[in-house]
Amino acid sequence: MALTQLRKQELISGFQVHETDTGSADVQIAMLTERINRLSQHLQANKKDHSSRRGLLKMIGERKRLLNYIQKNNSDKYQSLISRLGIRG
């Protein structure tokens, strides 16, 4: 389920705030979203994998906390980020 190094670099370059940014909230949310999407596909095929389901719920909670942080500090950035990632309706 881990992201490949190439995919991580694509996500970082697409969501980084400045040139040397690798761990801002935007980048973390993008990586979590990618992992959540992959794990969701895995769980559709493997319905009895409860330990992976628990990990998925933990990742969703972490992404929600990061999104709340961005929403509190910069609502315009929040709106653009969720539209770019295609999350929340």
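A residue is called buried when its relative accessible area is under 20%, exposed when that area is over 50%, and partly exposed in between (1.4 Å probe, protein chains only). Helices are DSSP runs (H or I, at least four residues), numbered from the N terminus.

The model is predicted, with local features needing pLDDT of at least 70 and side-chain atom pairs counting only at pLDDT 80 or more, while totals for chains, interfaces and linings use all residues. Residues are numbered from 1 along each chain as its sequence is written, and side-chain values use heavy atoms, leaving out hydrogens and water.

Start with helix H4, residues 75-85, where Tyr78, Leu81, Ile82 and Leu85 are buried. Down the axis of H4, these buried residues fall within an arc of 95°, so they line one face of the helix. The arc is taken from the directions that run from the helix axis to the C-beta atoms. Asp76, Ser83 and Arg84 are exposed on the other side of H4. The cover over the buried residues includes helices H1 (5-15), H2 (25-45) and H3 (50-73). Just after H4, Gly86 has a positive phi of about 75°.

Methods: Helices (H or I, at least four residues) and strands (E, at least two) are DSSP runs, numbered from the N terminus. Contact means heavy atoms within 4.5 Å.
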